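Take a moment to look over the sequence and the fold before reading on.

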Amino acid sequence: MANLGWSASLLFLLVVAALRSPFAAAQLRPGYYASICPNLETIIRNSVRQSMAQSQISASATLRLFFHDCAVRGCDASIMIVNSNGDDEWRSPDDQSLKPQGFQTVLDAKAAVDNDPQCRYKVSCADILALAARESVVQSGGPYYQVELGRYDGKVSTKSSVVLPHVDFNLDKLNAFFSGLGLSQTDMIALSGGHTMGAADCSFFQSRIGTDPSMDSGFAAQLRGTCTSSQSSAFLDPTPLGFDNSYYRNLQGGRGLLGSDQVLYTDPRSRGAVNYYASNQGAFFYDFTVAMTKLGRVGVKTAADGEIRRDCRYTN
């Protein structure tokens, strides 16, 4: 995460129309693979369960990977591409917070799907990532929701295409970014609740410790003891392995780790939604599933501009 420069802002505005195209999204439907790969969701569910057993951070890493994919070129698994010249999304400075466990979860799920002869090379990496993100939420105690399927995989991945929200964004900047994806302030606040799982490197919030009056003083003292080196990290909320609404209760107490999280409570225009989700986990769960469905429609590729990758890391 870094400052959103003018050139990056212009690039983002130029691709907004393509990302929000309704035509490709219209092809999506929950039963897309019913006759192609009827056991798809069971295969991915079991694979994600194995990944979570192997690594405690696989669920949060996979959920974050889905957002970073959809928010750049759309939900086309371009974040997974490894280019031989080193110019690809995952090597962008803004994607260095992504953890390898998320990538491995998707690769393992892809291998499991292709191990079924009926499914081999017929399911896109983009759809596998979308389903793995859902399973990461559900198997961490979060809500179940149907995933619309039928995405094709993108063929392009470049560092320069990566424009993402940064930890110093205020509410206006957050709303501007998410609006470009066709998402509302309510969607943005609900998706931010995904920070109920996982951790953040100290470099993303260390400058707030002792200087940001919105941070609880006791929490700041705790973080000073945690962030003893540039390699240190801290949990985003007290239940980092569970998907719940404790993230919002944290914000109420001035214990939001990232500035772009805490601003949701300090700004009175968004505080009401934080309070609502903090007191009503069911409402948060519902709005999160709505927002995830809308996010999953962003920048969907079709057979005309996409493909079904045989290996998620490389274009065919």
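**A walk through the model**

Proline 165 is buried, because its relative accessible area is 11% and buried means under 20%. This residue sits in the loop between α6 and α7 (171–180). UniProt lists Pro165 under "binding site", in an unreviewed entry.

Keep in mind that this is a predicted model. How far does the confidence reach? The protein averages a pLDDT of 92, and 92% of the residues score at least 70. Residues 1–17 are another matter: there the pLDDT is below 50. That stretch has 22 contacts in the model beyond near neighbours in sequence. Where pLDDT is low, the predicted coordinates should not be read in detail.

The largest nonpolar core has 72 residues. Leu40, Phe66, Val113, Leu264 and Leu295 touch the most other members. Helix α6 (residues 125–138) gives the largest share of this core, 9 residues. Where does the core lie? Domain 1 (39–163) and domain 2 (171–294) both give residues to the core, so it lies between them.

How many does a search of the whole structure find? There are 4. One joins cysteine 70 and cysteine 75, with sulfur atoms 2.0 Å apart. This link is right-handed, with 120° about the S-S bond. Cysteine 70 counts as buried at 0% relative accessibility, and cysteine 75 is buried at 1%.

Cysteine 125 and cysteine 312 form another disulfide, their sulfur atoms 2.1 Å apart. With -100° about the S-S bond, this link is left-handed. The pair links distant parts of the chain, 187 residues apart. Cysteine 125 is in helix α6, while cysteine 312 is in the segment after α13 (281–295).

Cysteine 202 and cysteine 227 are also paired, with sulfur atoms 2.1 Å apart. The torsion about their S-S bond is about -80°, so this disulfide is left-handed. Cysteine 202 lies in the loop between β1 (199–201) and α9 (217–226), and cysteine 227 in the loop between α9 and β2 (233–235), so the pair ties together parts that are 25 residues apart in sequence. Both cysteine 202 and cysteine 227 are buried.

Technical notes: Residues numbered from 1 in each chain as written. Predicted model: local features only at pLDDT ≥ 70, side-chain atom pairs only at ≥ 80, totals over all residues. Heavy atoms only, no water. Core = buried A, V, L, I, M, F, W, Y, C linked by side-chain atoms within 4.5 Å. Buried < 20%, exposed > 50% of the residue type's maximum accessible area, 1.4 Å probe, protein only. Helix = DSSP H or I, 4+ residues; strand = E, 2+ residues; numbered from the N terminus. Domains from an automatic or database assignment. UniProt positions renumbered as here; feature names shortened; annotations may be inferred. pLDDT = per-residue confidence, 0-100. Contact = heavy atoms within 4.5 Å. Disulfide = S-S within 2.5 Å.
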